[in-house]
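Please study the sequence and the structure shown here. The paragraphs that follow move from the whole chain to its parts.

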Amino acid sequence: MSRDFSKPYTQEELEGLKTMFRDLPTYKPGGWVKASDIPAIIQGMGYTRTPEQVGAYQAHWEDHYGGVVTLEAFLESASVLHDTAEYAKDYALRFDKNGDGQISAEEFKALINVISKHDPKLEGITFEHFVEEADLDHDGQVSIHECAEWIRAKCEAAQT
Ligand SMILES: [Ca+2]
Ligand SMILES: [Ca+2]
């Protein structure tokens with residue numbers, strides 16, 4: 001099954017995703033699976049990713065969510081896939097690990113690690129370079145909003 005990921009999910013498709021999720025090998029009645037099911041999830045979504053990209057997603061959920069994927073978090077990620085701006089915001093929020101609203105050098109490193117799997121051109125971008133490009137109000141820090149704008153611009157550049 002392959003689908004056009006530039007379109008939002010229909011209600012019917014979302015129901016199908018829920019069923020797929022509940023059929024996963026590690027599904028628990030509390031409504032979550034282990035991150036080891038991520039390759040199965042991506043396949044179930046008809047989302048074509050390289051093994052490297054799948055590995056990066058899995059590592060991300062292992063590192064940031066204790067290796068647990070809840071049905072809610074999964075549906076939330078799935079429902080913003082079509083919308084680069086929403087997706088970018090979601091990413092920026094997630095990678096602000098300490099929740100101070102700014103993306104630090106360390107947080108950026110984790111972020112670029114995942115994003116460069118989508119777009120190899122982004123590999124090797126330094127934090128200094130990122131701040132230079134993304135710090136729109138020139139306060140020397142990159143806020144979640146500035147980071148989301150930067151990701152969105154990078155993704156759009158990659159698509160054209
Ligand atoms: Ca932060
Ligand atoms: Ca700033």
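Which domains does the domain assignment of the protein chain give? The assignment gives domain 1, residues 11–80, and domain 2, residues 84–159. It should be kept in mind throughout that this is a predicted model.

Consider first the chain as a whole. The protein chain contains 8 helices and 2 strands, and along the sequence these elements follow the pattern α-β-α-α-β-α-α-α-α-α. The radius of gyration is 16 Å, close to the 15 Å that the globule rule gives for 160 residues, so the protein chain is as compact as a globular protein of that length. Along its principal axes, the C-alpha trace spans about 50 × 35 × 25 Å. Of the 160 residues, 21% count as buried. Contacts also link parts of the chain that are separated in sequence: among contacts between residues at least 6 apart, 57% join residues at least 24 apart.

The relation between the two domains may now be examined. The C-alpha centres of domain 1 and domain 2 lie 23 Å apart. The contact between them takes 6 residues from domain 1 and 8 residues from domain 2. On the side of domain 1 that touches domain 2, helix 3 (residues 51–65) gives the most, with 5 residues. The residues of this side of domain 1 divide into 2 nonpolar, 3 polar and 1 charged.

Which residues of helix 5 are buried? They are Ala88, Tyr91, Ala92 and Phe95. Seen down the axis of helix 5, these buried residues fall within an arc of 95°, so they line one face of the helix. An α-helix has 3.6 residues a turn, so residues three or four places apart point the same way.

His138 is placed in the loop between helix 7 (127–134) and helix 8 (144–159). Although His138 is not a glycine, it has a positive phi of about 55°.

Terms used: Residues are numbered from 1 along each chain as its sequence is written. Chains are lettered from A and ligands numbered from 1 in the order in which they are written. This is a predicted model: local features need pLDDT of at least 70, side-chain atom pairs count only at pLDDT 80 or more; totals for chains, interfaces and linings use all residues. Helices (H or I, at least four residues) and strands (E, at least two) are DSSP runs, numbered from the N terminus. The radius of gyration is taken over C-alpha atoms; the globule rule is 2.2 Å times the number of residues to the power 0.38. A residue is buried if 20 or more other C-beta atoms lie within 10 Å of its own, exposed if 12 or fewer, and partly exposed in between; C-beta atoms are placed from the backbone. Two residues are in contact if their C-beta atoms, placed from the backbone, lie within 7 Å. Domain bounds come from an automatic or database domain assignment. Ala, Val, Leu, Ile, Met, Phe, Trp, Tyr, Cys and Pro count as nonpolar, Asp, Glu, Lys and Arg as charged, and the others, Gly among them, as polar. The arc is that of the directions from the helix axis to the C-beta atoms.
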